[in-house]
Amino acid sequence: MKIILLGAPGAGKGTQAEVISRHLNVPAISTGNCLREAVRAGSPLGLKAKDDMDNGRLVPDDVVIGVVKDRIAMDDCKNGYILDGFPRTVAQAEALEAMGVEIDRVVDLEVPDETIKRRLSGRRVCEGCGASYHLDYKPSKQEGICDSCGKALIIRKDDEPATVQDRLDVYHRQTEPVKAFYSAKGKLFQVEGQEKVEDTSALVLKALEA
Ligand code: ADP
Ligand code: ZN
């Protein structure tokens, strides 16, 4: 199965992508994580992406499309994959189609802007390995310390309140049209994000079986 997870920043795409990944035993591919890794490594890709990411803007289509193209060509993707955070523009969706990729389902996580703002303020990431946590929803065992690598947890620059509103604006303007793109193909399944992660997961898995 090839699945796309759509939704605003902080809607919980990453968490649900992991759930589906375990359920279907296919990799979850997060373009945000790929780009952050490149930034940490200081690679040419990272240098191209950093400024846009820090400021809550989208990285140029050709850059992200290149990342996805390389990633889905890898061996572990032959039985399918979950795309988390891609496509984020109609041009990216068209590029995926042009690569000959047949998407089975698009799950759109709907979460109101006010909830998003509250959630993003509690998000923390590990500066060492990039693992994601949340003060309320997914706390680390020891406050401020990564469970998997022991490094410090920090607030992502783009999770600072001033940048969050910009990211929501970008989402509404550039990413929401992607819903209509897939809805017209009969592939869009909308799920209301619930207060509890497990409740959302149950709805997401149901959408995959429907
Ligand atoms: P979130 O979904 O919480 O915004 P991500 O980790 O998915 O976070 O993305 C972080 C940033 O990475 C985005 O704000 C954007 O700058 C960049 N990015 C990720 N995916 C894409 C994409 N498909 N197209 C353009 N930029 C992207
Ligand atoms: Zn870590």
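Colleague: Which side chain of opposite charge is nearest to aspartate 84, and how far away is it?
Modeller: Lysine 13, at 4.9 Å. Aspartate 84 is buried yet has no salt bridge. Buried means under 20% relative accessible area, with exposed over 50% and partly exposed in between (1.4 Å probe, protein chains only). A salt bridge needs a side-chain nitrogen of Lys or Arg within 4 Å of a carboxyl oxygen of Asp or Glu. For charge, Lys and Arg count as positive, Asp and Glu as negative; His and the chain ends are not counted.

Colleague: What kind of model is this?
Modeller: This is a predicted model, where local features need pLDDT of at least 70, side-chain atom pairs count only at pLDDT 80 or more, and totals for chains, interfaces and linings use all residues. Residues are numbered from 1 along each chain as written, chains are lettered from A and ligands numbered from 1 in the order written, and side-chain values use heavy atoms, leaving out hydrogens and water.

Colleague: Back to aspartate 84. Where does it lie, and what is it in contact with?
Modeller: Aspartate 84 lies in strand 3. Helices (H or I, at least four residues) and strands (E, at least two) are DSSP runs, numbered from the N terminus. Leaving aside neighbours within four places in sequence, its contacts are Leu5, Lys13, Gly14, Ala17, Ile29, Ser30 and Thr31. Contact means heavy atoms within 4.5 Å.

Colleague: Which residues of the largest nonpolar core touch the most other members?
Modeller: Ile4, Leu83, Leu96 and Tyr182, out of 26 residues. Such a core is a set of buried Ala, Val, Leu, Ile, Met, Phe, Trp, Tyr and Cys residues joined through side-chain atoms within 4.5 Å.

Colleague: Which element gives the largest share?
Modeller: Helix 4, with 6 residues. A second, separate core has 22 residues, including Leu5 and Val111.

Colleague: Which residues of helix 4 are buried?
Modeller: Val63, Val64, Ile65, Val67, Val68, Arg71 and Ile72. They pack against strand 2 (28-30), helix 2 (31-41), helix 3 (44-54), strand 3 (81-84) and helix 5 (90-98).

Colleague: And the whole chain: how many helices and strands?
Modeller: There are 8 helices and 8 strands. The radius of gyration is 16 Å, close to the 17 Å that the globule rule gives for 210 residues, so the chain is as compact as a globular protein of that length. That radius is taken over C-alpha atoms, and the rule is 2.2 Å times the number of residues to the power 0.38.

Colleague: What share of the residues is buried?
Modeller: Of the 210 residues, 45% count as buried.
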